[in-house]
Amino acid sequence: MNLLIKGITIADPNSEFNNQTADVRVEHGKITAIEKSLSPLKSEQVFAIEGGVLSPGFFDLNCMIGDPGLETKEDIQTGTAAAKAGGFTGLAVLPNTKPVVQSKGEVEYILNRAKNNLVDVFPIGAISHDLEGKELAELFDMKNAGAVAFSDGSKAISDDGFVSRALQYCLGFGGLLMLYPENKSIAGKAQVNESKNNVLLGMKGVPTLAEEMQISRDIFLATYHDAPIHISNISTAGSVALIKKAKKDGVKITCDVAAHQLVFTEDLLNDFDSNYKVKPPLRGKTDQKALIAGLKDGTIDAISSQHRPHEIEFKDVEFEIAAYGIIALQTVLPLLLQAGLDANLIAEKLSINPRAILNLAIPTIKKGEVANFVIYHPAKRWEYNVANNASKSKNSPLLGKTLTGKVELVYNNNQFQKYEQ
């Protein structure tokens with residue numbers, strides 16, 4: 001699909017045109033020209049939006065798609081539709097399905113289902129069989145079949161020896177473990193952050209200690225084996241401090257934070273809205289400030305959506321029995337802009353670093369490169385509602401809200417999707 005983009009501001013730290021306004025020509029899936037002014041050709045569509053930003057396509061490290069087996073929550077078609085609408089051209093999908101993605105057969109199934117899509121879909125294989133943290137899944141076979149990393153999703157692995165063996169095994173073939181940080185014996189069955197607020201709510205709280213102790217363990221194991229490790233969805237100031245020190249000490253550690261942790265805080269739980277029930281729980285303002293500072297100083301490598309779709313019966317219930325998670329692919333960009341992140345930081349944390357963590361090709365806004373990008377307007381306001389929600393599920397506290405920061409166009413795999421201006 002041939003396209004001429006007029007007067008766009010480029011946000012790509014890897015591009016010589018970063019922070020410059022130019023015209024960009026795309027022909028047959030490749031960027032063929034970037035100049036101050038280009039004249040339209042007969043064979044191309046022209047796209048122009050004053051004040052728009054062009055960035056490498058977003059990539060999500062932590063996305064739940066229900067296919068196979070949980071398609072009533074989300075399938076690959078609806079999940080990638082939501083991803084496109086949110087500016088994502090790549091997804092790493094978790095193995096928490098039925099059956100669990102724990103052998104090459106499930107990996108190949110996902111890859112086949114996602115063929116010929118604008119959005120690239122990359123399976124993450126399970127670390128343990130049936131996500132039980134007891135027996136290693138078929139890691140090597142899954143890696144050869146196309147799995148980009150290994151995770152048990154939001155299930156923390158409590159057996160230290162098991163994680164140690166998994167790290168050692170992955171060293172032999174370049175596998176990456178992505179671990180959820182929660183010490184279950186400390187967290188117990190608590191569902192909200194431990195603070196004055198949880199006392200007022202009359203609910204048990206999850207101390208930040210539960211997350212930080214688990215990260216400390218993982219740092220020790222990564223150091224011992226000299227192995228790379230990725231920590232998913234950190235949420236506390238203490239976690240930022242631990243990872244910052246580990247990086248300074250030379251530990252091969254990376255981490256990400258969910259976009260909603262940068263904007264939402266535990267104060268939003270006062271009305272017991274189950275759409276704010278997430279895991280890890282929403283924390284306090286001090287933690288939030290530390291997370292944003294960690295993004296800016298390089299401690300936190302990436303931002304994820306932590307997209308968790310659920311049928312209405314799992315969320316429209318009492319808070320204590322509601323499922324964890326929100327749908328998030330379409331609302332990541334507005335949240336990052338609300339948190340005060342600029343276009344270059346968004347490109348680094350949402351486009352470049354996630355792919356670097358998984359050793360995937362990183363798209364660059366450069367002549368001769370394959371076209372893989374998103375165009376968005378950082379100041380445009382729009383209403384997120386049932387009509388434009390592309391997900392199969394509706395569990396978002398932002399539905400019905402007016403948001404700032406709108407995706408206008410996505411391009412990848414010689415396909416583009418334009419959204420109404």
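## Basis

The model is predicted, and local features need pLDDT of at least 70, side-chain atom pairs count only at pLDDT 80 or more, and totals for chains, interfaces and linings use all residues. Residues are numbered from 1 along each chain as its sequence is written, and side-chain values use heavy atoms, with hydrogens and water left out.

## The sheet and its helices

Helices (H or I, at least four residues) and strands (E, at least two) are DSSP runs, numbered from the N terminus. Two strands are paired if DSSP finds at least two bridges between them.

Strand 6 pairs with strand 7 (residues 88-93) in the parallel sense over 4 bridges. Cys63 stands opposite Val93 in strand 7.

## A salt bridge

Side chains of opposite charge can pair when their charged atoms come close. A salt bridge is a side-chain nitrogen of Lys or Arg within 4 Å of a carboxyl oxygen of Asp or Glu, and the whole structure has 16 of them. One joins Asp67 and Arg113, whose closest N and O atoms are 3.1 Å apart. Asp67 is in the loop between strand 6 and helix 1 and Arg113 is in helix 2, so the pair ties together parts 46 residues apart in sequence.

## Backbone details

Lys98 and Pro99 are joined by a cis peptide bond, with omega about 5°. Pro99 lies in the loop between strand 7 and helix 2. The peptide bond from Lys279 to Pro280 is also cis, with omega near 0°.

Asn19, a residue other than glycine, has a positive phi near 70°. Asn19 lies in the loop between strand 1 (3-10) and strand 2 (21-27).

## The largest pocket

The largest pocket holds about 610 Å³ of space. On a 1 Å grid over the protein atoms alone, a pocket is an open set of points where a 1.4 Å probe fits, with protein on both sides within 12 Å along at least five of seven lines; lining residues have an atom within 4 Å of a point. Grid points are joined across faces, edges and corners, and a volume is the space filled by probe spheres set on the points. Of the 25 lining residues, Met64, Asn96, Ser154, Lys155 and His310 are the closest to the centre of the pocket.
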